[in-house]
2 protein chains.
Amino acid sequence: MQETSDQERAKHEERQAVMRQCERFLAGHGPLHLREELTALAASVTDEDEEAGPDRYGAGRLIERFEREIAGILGKEAAVFMPSGTMAQQIALRIWSERNGRRSVAFHPTCHLEIHEQKGYERLHGLHARLVGEPNRLITLDDLNAITEPLAALLLELPQREIGGQLPSWEELNAQTAWARAHGAALHMDGARLWEAAPYYERSYAEVAALFDSVYVSFYKGMGAIAGAALAGPADFIADARVWQRRHGGNLVQLFPYVLSARANFERRLPHFPTYHRRAVEISSALHGIPGVAITPDPPQTHMMHVYLRGDPDQLMDANLALARDQRVWLLPWLRPADAPGYSMFELTIGDAVKALTNEEIAGYFRRILADANGGQL
Amino acid sequence: MQETSDQERAKHEERQAVMRQCERFLAGHGPLHLREELTALAASVTDEDEEAGPDRYGAGRLIERFEREIAGILGKEAAVFMPSGTMAQQIALRIWSERNGRRSVAFHPTCHLEIHEQKGYERLHGLHARLVGEPNRLITLDDLNAITEPLAALLLELPQREIGGQLPSWEELNAQTAWARAHGAALHMDGARLWEAAPYYERSYAEVAALFDSVYVSFYKGMGAIAGAALAGPADFIADARVWQRRHGGNLVQLFPYVLSARANFERRLPHFPTYHRRAVEISSALHGIPGVAITPDPPQTHMMHVYLRGDPDQLMDANLALARDQRVWLLPWLRPADAPGYSMFELTIGDAVKALTNEEIAGYFRRILADANGGQL
């Protein structure tokens, strides 16, 4: 075991080292460099920030102004900055549960709370999950109609990350939120990638958020900040959320590195999400004619898609590594075996990094990796 | 209400502005300047850090090495870096509770969990508090002997912050920890200011920590980092703690600004805690002859003490403000009415800032503030 683990670690470190030597990247905004990031953070401090000084346990001009800005964009009365979405969403569901006296919360089987949070909702908050629909497709109104138990809240994730960032139509979304209202369930949006969903609905963030009582948004993912999240909703709800944030240990003495990073990246990247989406559509179009490649959703509805590649994950990653050494270009963020036999898959998110690559170059690199990993047989 | 609140805020902002113009400070390490802090953080990044890249969900060379360093200093098998002590301590108590099947945890009435965490231990973890002893003195063995219910854990805070940083004698500490072992209770140390307690026991951190199953330490307080904490203990306990950290929403995608800040300040300040303590003793000695001043504990046992000043908090703060405008020196971090009628109090912590002041100057400034606030009558 230990030997395998050491080998795995050595392999991982080798990959990291090659990756950090690369000059061009397909996914996201490319790797973060510590000195560069912290120097940029220092440069983003305004004279007004400096004069007001650091935040203290959530109070301070910098953090409060940013919270107001986020609340405004989402059309909510108030917002609170939190270190993580895990914290923000459990807190939201707990508050709605306390308010309507119900303990069941409904969400998609691939919801972050279900698969990435070690069942914190249950172990910390005593909430019960009612999973809705199937893992590999969006929730439908029929799925909701099949629910018989009273719900504290319905959580909808826009877009649904684990199925490649799919989004329900505006009509379907309205029907589902109307269902929840008719059944006395609070509506919470997991908007971890809400910024990325804007081009699809062609509506303001506030219009989409208006369908929900509370909204969580993230500042790292597509936005590219170091970390950080916000929870937005009615003023009394946010006041409660601040109490729960303290209980969770998330009311840090100083959060300014995260707030500065969120603010700077927010200003820089919010206008670019439609561009990321357009480029994602172009790339899916350039890739889906290549033998051994499949994409979902096709076309992408946001900045992201799931890419399926014929071949074994290790052989594909070795081919990726060979390409990286040769061309200083890094294509695959990670790979895992896909459900489809003989295929591997990864999540591709489009950000600033892709600007250094043409669609033709990208298609060519994928052809090379596939050929390498499959011994030229495709 | 709103008017009062606006007035309060204006007053607070005015004080902050004057404070930030000051050049000398009595307490702590002086105010933090955002650009300076972030620039120093960037400068602390080594080539090795840069090569390894940022941490990701708690994994990465920088964070793992620092955790090993802290575990080593505390003589424990493992340690985990966490955003806050609130998170670290609730998690420690929950794990011990799960392991021995008991739900009551015992601590001092002024324990951080009891007075600063909105009862997170109860609302998130279903733990019950058995308060031990009296708010204004240390826990004694007699207090422990009066406990009849089975305890999941006994939490001892070293030093006891809310009574001026008092510490039990080494013999008393050994007797209390032996009591807990005899009663099947796990021993958890709230070592938020453990670094500051070293000069008192004249023992290594590991020797003090060896009396406990788990230890929480902080990196901001006396250490002066931006934020951050660590929990140390047996390897299997720390593995559990990482799971609970994820449940709490404290397993952030990137923690490097806090880890870098903790590491840099740790290296810089750990050797200086005996100096801070010696200076605290000198200052208490310079102050306790002044009419209208009282100090506890006298002499201080750590870098901190509670200072009681005759006069109303607002009048004393106005006098402090006048002194600050006149001399660009800032004496009082905050003030609240003391239990003793006609007195105000504050917590004084000694750090790097005091190096710019002589004991005679400090005594002189206190005389002036007291005279101003009391109309010359002392």
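This is a predicted model: local features need pLDDT of at least 70, side-chain atom pairs count only at pLDDT 80 or more; totals for chains, interfaces and linings use all residues.
Q: How are chain A and chain B related by rotation?
A: A rotation of 180° with 0.0 Å of shift along its axis puts chain A on chain B, with an RMSD of 0.0 Å. That is the relation of a two-fold axis.

Q: Which residue of chain A comes closest to that axis?
A: A:Leu124, at 2.4 Å, taken at its C-alpha.

Q: What about the surface through which the copies meet?
A: The copies meet through the same surface, because 100% of the interface residues of chain A are also interface residues in chain B.

Q: Switching to the sheet in chain A. What's the strand order?
A: The order is β2-β8-β7-β6-β5-β3-β4. It is an open sheet of 7 strands with mixed pairing.

Q: And which are the edge strands?
A: β2 (78-82) and β4 (128-131) of chain A, each pairing on one side only. From one strand to the next, the twist averages 20°.

Q: How many bridges join β3 to β4 in chain A?
A: There are 4 bridges, and the two strands run parallel. One pair to look for is A:Ser104 with its bridge partner A:His128 in β4(A).

Q: Which strands does helix α12 of chain A lie across?
A: Helix α12 (residues 235-248) lies across β2, β7 (214-218) and β8 (229-233) of chain A. The helix runs at about 20° to β2(A).

Q: Over to chain B. Are the residues of β5 buried or exposed?
A: Buried: 5 of 5 residues in β5 (153-157) of chain B. B:Ala153, B:Leu155 and B:Glu157 point one way, while B:Leu154 and B:Leu156 point the other way.

Q: What is β5(B) joined to?
A: 2 bridges join β5(B) to β3 (104-107) of chain B, running parallel. There, B:Ala106 stands opposite B:Leu154. Another 5 bridges join β5(B) to β6 (186-191) of chain B, also parallel. In β6(B), B:His188 is the bridge partner of B:Leu155.

Q: How does the chain cross from β5(B) to β6(B)?
A: Through helix α9 (residues 170-182) of chain B, in a right-handed β-α-β crossover.

Q: Last one: why call α13(B) largely enclosed?
A: Because 11 of its 14 residues are buried. Among them are B:Phe256, B:Tyr258, B:Arg263 and B:Phe266.

Q: What do those buried residues of α13(B) pack against?
A: In chain A, α2 (34-43) and α13 (256-269). In chain B, α2 (34-44), α4 (61-74) and β2 (78-82).

Q: And what span should α13(B) have?
A: At 1.5 Å a residue, its 14 residues should span 20 Å. The end C-alpha atoms are 19 Å apart, which agrees.

Notes. Residues are numbered from 1 along each chain as its sequence is written. Chains are lettered from A and ligands numbered from 1 in the order in which they are written. Two strands pair if DSSP finds at least two bridges between them. Axes are lines fitted to C-alpha atoms, for helices over the stretch in contact, and angles run from 0 to 180 degrees between N-to-C directions. Two residues are in contact if their C-beta atoms, placed from the backbone, lie within 7 Å. The expected span of a helix is 1.5 Å times one less than its number of residues. A residue is buried if 20 or more other C-beta atoms lie within 10 Å of its own, exposed if 12 or fewer, and partly exposed in between; C-beta atoms are placed from the backbone. Copies are superposed by least squares on the C-alpha atoms of residues with pLDDT of at least 70 in both. A crossover is right-handed if, with the strands pointing away from the viewer, the path from the first strand over the helix to the second runs clockwise.
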